[in-house]
Amino acid sequence: MLGVDIGTTSTKAVLYRETGEIIAQGNHGYDLYTPDVSTAEQDPEEIYLAVRLTIKRVMEESAIDKEDLSFISFSSAMHSLIAIDEQHQAITPCITWADNRSAGWAKKIKQEMNGHEIYRKTGTPIHPMSPLSKITWIQNERPEIAEKAKKYIGIKEYVFYQLFGEYVVDHSIASATGMMNLEELSWDEEALQVAGINKDQLSSLVPTTKILTGCDETVAKEMGITSNTKFIIGASDGVLSNIGVNAIKDGEVAITIGTSGAIRTVIPKPRTDQKGRIFCYALTEDHWVIGGPVNNGGMVLRWIRDELAASEVETAKRLNVDPYEVLTTIASKVSPGSNGLLFHPFLAGERAPLWNSDVRGSFIGLTLNHKKEHMVRAALEGVIFNLYSVFLALVEVMDVPVKSIKATGGFSRSELWRQMMADIFDQDVIVPKSYESSCLGACMLGLYAEEKIDSFDVVEDLIGHTHAHEPNEANVEAYRELMPIFIRIARALESEYEQIAVYQQKSIDNK
């Protein structure tokens with residue numbers, strides 16, 4: 001079984017036996033075009049080519065008989081948008097989740113167009129990342145595109161159209177557009193009205209377990225598969241990685257910190273948050289994933305390394321070790337709570353829990369007694385504090401107590417950061433063995449679609465763990481005192497953040 005993950009930086013594919021053993025894997029990267037601070041686009045053809053090449057490479061490397069391939073199942077990044085014309089040609093690049101040009105319209109939808117109620121029905125917080133905001137912006141401000149746009153689709157739909165000549169979107173990717181009614185599993189009339197489009201301009205909705213066959217013969221031959229190979233449409237990367245890290249039972253929470261971060265748990269029915277802090281996305285009709293993405297994860301430590309730690313980077317070079325190791329070593333010499341120094345890690349605006357692209361980062365509580373190591377530790381703590389504030393929203397919506405946290409991503413290599421998470425969350429933290437979790441999740445969904453398994457619990461037998469941490473009670477006490485202060489400050493500064501953002505934008509415009 002072949003799991004394919006169409007990511008923001010590359011497409012990955014992993015070929016597994018049905019026992020979970022990896023036979024072969026490959027990936028093919030592509031560029032993200034960011035000509036200015038608000039734009040983040042990709043070339044859809046480049047990504048489609050990467051999908052074909054990655055599948056081809058894995059099939060060649062494995063040398064399996066193509067008749068032995070049970071299925072190919074897909075995972076994909078969320079929130080992408082491509083406008084398509086009458087001739088089925090893309091008339092925009094692939095506008096990614098990171099594109100911020102619809103920020104003004106996101107604010108308008110939230111404040112003037114019943115945005116909160118639309119969120120309650122569709123599960124995607126109103127934010128520039130969502131296709132709802134992007135389409136509204138195009139329809140109102142880019143008439144030259146809007147007039148020609150026959151369809152608005154995401155990158156997975158683009159790939160499937162090239163392979164099968166059909167515009168189909170799975171419930172999982174659709175639930176991340178801000179336009180699918182979660183209860184009815186149909187396009188939401190009010191959301192479409194706000195966007196200024198009709199449902200014929202969107203793809204047909206299908207379950208994540210939908211199986212397609214009859215792939216374009218020339219393309220199938222090129223990829224080294226048969227044209228009647230089963231393609232399972234699959235779901236989004238976030239919800240599938242919950243399966244892939246074995247965080248699918250009641251009370252199991254998955255936390256990922258890479259460049260950005262996310263926190264998610266699985267519930268049996270769709271549910272949204274009265275305060276609009278978390279998303280709700282489909283996995284299957286009986287599995288829904290709630291949680292929140294944060295913009296500021298490992299990128300915060302990278303900023304500290306690049307801007308504040310020249311001497312530590314030099315030391316690391318001389319010792320031939322990773323600079324991050326030097327940084328976490330100096331941070332470990334500081335007591336939990338960094339002597340009352342708080343860092344709000346909003347260097348790239350923020351999604352959950354604030355959903356505000358205007359928020360800005362800050363150190364608060366600085367005194368003459370604070371040294372660089374306090375600042376490094378406060379930055380690490382700030383990333384976890386922010387995730388914990390999303391966790392609090394999650395716990396309010398969950399019906400069961402949290403039993404364990406499965407932590408993955410680049411941060412899990414740091415013992416200090418892992419222990420910090422256990423202490424701030426006051427929960428056991430387990431680090432599953434490293435797999436391409438979205439690819440594995442896609443394959444588990446494929447087995448489920450083929451009715452070879454009747455639950456996702458089998459993944460437990462495939463995944464062990466590398467580290468486990470219990471909370472340290474003394475550290476828990478220190479963090480418990482600081483956490484409410486961290487949250488109150490971020491909320492209190494909302495209008496100041498907005499004014500700073502306006503001032504910064506003016507400076508950019510005047511250059």
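# Cores, sheets and cysteines

Modeller: In the largest nonpolar core there are 119 residues, and Tyr152, Met179, Met421 and Phe425 touch the most other members. This is a predicted model, where local features need pLDDT of at least 70 and side-chain atom pairs pLDDT 80 or more, while totals for chains, interfaces and linings use all residues. Numbering starts from 1 along each chain as its sequence is written, and side-chain values use heavy atoms, without hydrogens or water.

Colleague: What makes a set of residues a nonpolar core?

Modeller: Its members are buried Ala, Val, Leu, Ile, Met, Phe, Trp, Tyr and Cys residues, joined through side-chain atoms within 4.5 Å. Buried means under 20% relative accessible area; exposed is over 50%, and partly exposed lies in between (1.4 Å probe, protein chains only).

Colleague: What does Phe425 contact beyond its sequence neighbours?

Modeller: Contact means heavy atoms within 4.5 Å. Setting aside residues within four places in sequence, Phe425 meets Ile255, Ile263, Ile384, Leu387, Tyr388, Phe391 and Ile405.

Colleague: Why is Thr272 called buried?

Modeller: Its relative accessible area is 12%. That is below the 20% cut-off, so the label holds. Thr272 sits in the loop between strand E16 (261-267) and strand E17 (279-284).

Colleague: What makes the link between Thr272 and Arg120 a polar contact?

Modeller: The distance between their side chains is 3.0 Å. The definition asks for a pair of N or O atoms within 3.5 Å; within protein, one must be able to donate a hydrogen and the other to accept it, and residues adjacent in sequence count only if both atoms are side-chain atoms. So 3.0 Å is inside the limit. Thr272 also touches other residues, among them Tyr119, Leu182 and Val397.

Colleague: How do you know that E17 and strand E18 pair, and in which sense?

Modeller: Two strands pair if DSSP finds at least two bridges between them. E17 and E18 have five, in the antiparallel sense, so they pass. Cys280 has Ile290 of E18 as its bridge partner. The two strands form a hairpin with two residues between them. E18 also runs antiparallel to E16, joined by seven bridges.

Colleague: Is E18, residues 287-294, mostly covered or open, and how many of its residues are buried?

Modeller: Mostly covered: eight of its eight residues are buried. His287, Val289, Gly291 and Pro293 point one way, and Trp288, Ile290, Gly292 and Val294 the other.

Colleague: What is the strand order in the open sheet of six strands?

Modeller: E3-E2-E1-E5-E14-E13, with mixed pairing.

Colleague: What makes strand E3 (22-29) and strand E13 (211-212) edge strands?

Modeller: Each pairs on one side only. E13 pairs antiparallel with strand E14 (residues 230-236) over two bridges. E5 instead runs parallel to E1 and is joined to it by five bridges. Five bridges also join E5 to E14, again parallel.

Colleague: Why is E5 called largely enclosed?

Modeller: Because six of its six residues are buried. Phe71, Ser73 and Ser75 point one way; Ile72, Phe74 and Ser76 point the other.

Colleague: What makes Met59 buried?

Modeller: A relative accessible area of 6%, which is under 20%, so it qualifies. Met59 lies in helix H1, residues 44-62. Its contacts beyond four places in sequence include Ile64, Leu69 and Met223.

Terms used
Helices (H or I, at least four residues) and strands (E, at least two) are DSSP runs, numbered from the N terminus.
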